[in-house]
Amino acid sequence: MDSRAPTRRCTVAGLVLFTTVSACGGGRTAPPVTAAEPGTTASAVRGLEIPVSEAFERAVAAGTRTRTGAPGPKYWQQWTDYRLEAELNPISKRLTGQGTLAYHNRSPNTLQEVYVHLLHNLFAPGARHNTDVPWSVEGVELSRVAAQGQQLKASEKDEGPGYKVDGTIMQIRLPKPLPPGESAKLDIAWKLRVPPDGAPRGGQDGEAFYINYWYPQMAVYDDVNGWQTDQYLGNAEFYMGYGNYDVALTLPAGWLVTSTGKLVNPGEVLSSQTLARLDTASHARGIVRVVTEADRNAGTSTTAGTNGKLTWRFRADSVRDVSWATSSRYLWDATNAAVGDANGDGRPDTTAINAFYRPEQRASHWDQSARYSRHSVEFFSRHLLPYPYPHMTAVDGPTSCGGMEYPMMTCIGGKWDTLGLYEVTTHEIGHMWFPMLVGSDEKRHAWMDEGLTQFNQSQAMADFFKGFDDEERNRRNYLNLSEGGGEVELMRHGDRYPTYGSYGVASYYKPAAVLVALRGVLGENTFNKAFTEYARRWLYKHPQPTDLFRTFEDVSGQDLSWFWRTWFYETWRLDQAIDTVAPSGDSLDVVIENRGKAPMPVRLAVSRTDGQVDSLTLPASVWFGGERRRTLRIAREPAIKNIEIDPDRDFPDMDRSNQAWPR
Ligand SMILES: [Zn+2]
């Protein structure tokens, strides 16, 4: 999501960067924990090692992970095929759903039980949460739970077939054990009420419905940590497994529906006028107004339907979630984006770009949304990996969407200027790569999706707004919090930050600034090569932080544990200074002082009056032994105009005033 999207006080997406999480009503916040995991192993320089968990070491021994950051030869991952049906009544806001989940056990272990997320139980009476949620909603009402063809009963017992709901997690004890290589079918029927505006990341405002976390979703069972069954408390995001989805959504005719996945029955639900305009949009370079104010009727934008209803069918392959949106008031703009060779057939591919918004949102520049999305998808396809999905759709939703990412979809709420709407759009579209295509555990490692995305957002903004320095904004946000002393380390569960400010900095701004510093350390080519290699290796998979660290080391050929330790596991600050500059014969002695705790290379630019600029570098290793000062001897002639540390401003230094000489 977007850390600065406008929304209500205290909701997670909000302008609440420096409000404490515990100030949000009704929440229960887990106490902070330390970063170190038990059973760590040492490498690299003493005091600059990074901990690797015992669980990860076991995965390496088992061949599912490696010491180079690539998936191991025995890497495995679970898979689910979903068939979901839902009907929404926009008057009562009630959704009635039923689904069949075919869960394929590709692990080497026999499973006696499986876990399913009921994320909507965030709204159940008495639910635990650490963000504001609208009260007087309700949780998921289960009307049927069956597994392996046997109807199950709710039971608090831990033995025998049955199910048990604890907050947002349902444990299903299977009638028969599920051996490796076999599948289990779950049949579930449920009802829920779509929450009002104010619900994190979606909901309905009476006109626009953004339907998220609306179906029973398999929890991740992975090769490192087994079942990940952390509660959804509102702040920390998600860890979702991959699967294919067939979805059928029934709505009143005349209501436009857009969803993750490809619409597979366009001829049944869209009018011939809408179909013709979409066909134009699929190869147009401009924006096509597919549905305008005048078209918003059953029989004009959509077909007339049966008994006033239409069923929209979508198919989504290799995604980690499905969400959808609907309104009778939406306009629909469409175009397409060039993504490069996404399917590997050697020919360039395109993807559909859509924007759904209400007419009054033209004041927030939504008539530019499709253009912004097209630029973002094309930019990231060039710089990361080609966008492989059939569409990318931006939806004007309830204010409390803020900016929130879903596969192929983003819900954006609130009012925006052009800079803000581009920024939130490109940020959410950046999330299509992290965590939609590279499926990290956002709950335990928020920086792996938000930090990488914040960095990518800055690259897209610099391209779209020609030279706009979003990197400096990230750095400033990090340094401001660090100066104030409120910082905690990045390696921390997303529900265990003492304040929303410390969560925002550790998840978004600091990792984005740290990636800029890493680019400075490695050089742009090596950095980009390692970054895309990480994405390529973990495409549709579940990387751990260690996999990212080791991929950068593998590609660059460098031991970077000092870098990871400094910036991910500690809150050490960087403050490099030119202490003194003094003549020594026909030389000058430049004394560099490392005033902070962070060991980083020193990049020195010496500019002379004849226009020459000498670049000198001290490696980070000069500080590893705890040394604080280093003298660099440089020639006095030609005369020196000035000396500066880190002239490219790659590093997040606390105090730039002591980096230049003369002062
Ligand atoms: Zn985000």
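Modeller: Strands of at least two residues and helices of at least four are DSSP runs, numbered from the N terminus. In these terms, glutamine 231 lies in the loop between strand 13 (226-228) and strand 14 (243-252). The model under discussion is a predicted one.

Colleague: Why does glutamine 231 count as buried?

Modeller: Buried means under 20% relative accessible area. Glutamine 231 has 15% relative accessibility, and therefore counts as buried. Leaving aside neighbours within four places in sequence, glutamine 231 is in contact with Arg128, Asp166, Gly167, Thr168, Ile169, Lys443 and Asp495. Its C-alpha atom is separated by 29 Å from that of methionine 392, 161 residues apart along the chain.

Colleague: Why is proline 161 called partly exposed?

Modeller: Its relative accessible area is 42%. Partly exposed covers values between the 20% limit for buried and the 50% limit for exposed, so proline 161 belongs to that class. The residue is placed in the loop between strand 5 (150-151) and strand 6 (162-166). Not counting residues up to four places away in sequence, proline 161 touches Gln150, Leu152, Arg173, Leu174 and Pro175. Of these, arginine 173 is 12 residues apart from proline 161 along the chain, with 4.9 Å between the two C-alpha atoms.

Colleague: What makes isoleucine 643 buried?

Modeller: The relative accessible area of isoleucine 643 is 0%, and the limit is 20%, so the residue is buried. Isoleucine 643 is in strand 30 (residues 640-645). Beyond its neighbours within four places in sequence, its contacts include Ile578, Val581, Val590, Leu604 and Trp661.

Colleague: How do you know that helix 5 (residues 418-430) agrees with the span it should have?

Modeller: The expected span is 1.5 Å times one less than the number of residues. For the 13 residues of helix 5 this gives 18 Å, and the end C-alpha atoms are 18 Å apart, so the two agree.

Colleague: Why is helix 5 described as largely enclosed by the rest of the structure?

Modeller: Because 11 of its 13 residues are buried, helix 5 is largely enclosed. Among the buried residues are Tyr422, Glu423, His427 and Glu428. In helix 10, the buried residues are Phe527, Ala530, Phe531, Glu533, Tyr534, Ala535 and Arg537. Their cover includes helix 6, helix 7, helix 9 (500-522) and helix 11.

Colleague: What makes the arrangement of the 6 donor atoms around the zinc ion irregular?

Modeller: The protein donors are Met1 (N), Met1 (O), His427 (NE2), His431 (NE2), Glu450 (OE) and Glu450 (OE), at 1.8 to 2.7 Å from the zinc ion. Six donors count as octahedral if opposite donors are over 155 degrees apart and all others lie between 65 and 115. The angles here run from 53 to 155 degrees, which makes the arrangement irregular. The spacing of the donor residues in sequence is M-x425-H-x3-H-x18-E. Histidine 431, in the loop between helix 5 and helix 6 (432-437), and glutamate 450, in helix 7 (residues 447-464), are 19 residues apart and link distant parts of the chain. Both of these residues are buried.

Colleague: Which backbone details deserve a note?

Modeller: Cis peptide bonds join phenylalanine 434 to proline 435, with omega about 15 degrees, and tryptophan 661 to proline 662, with omega about -5 degrees. Proline 435 is in helix 6, and proline 662 is in the segment after strand 31 (660-661). Arginine 201, which is not a glycine, has a positive phi near 75 degrees. Tyrosine 540 likewise has a positive phi, of about 60 degrees, and is found in the loop between helix 10 and helix 11.

Colleague: Are arginine 201 and tyrosine 540 buried or partly exposed?

Modeller: Arginine 201 is buried, with a relative accessible area of 0%. Tyrosine 540, at 25%, is partly exposed.

Methods. Residues numbered from 1 in each chain as written. Predicted model: local features only at pLDDT ≥ 70, side-chain atom pairs only at ≥ 80, totals over all residues. Heavy atoms only, no water. Buried < 20%, exposed > 50% of the residue type's maximum accessible area, 1.4 Å probe, protein only. Donors = N, O, S within 2.8 Å, 3.2 Å for Na, K, Ca; no water. Tetrahedral: all angles 85-135°; square planar, octahedral: opposite > 155°, others 65-115°. Contact = heavy atoms within 4.5 Å.
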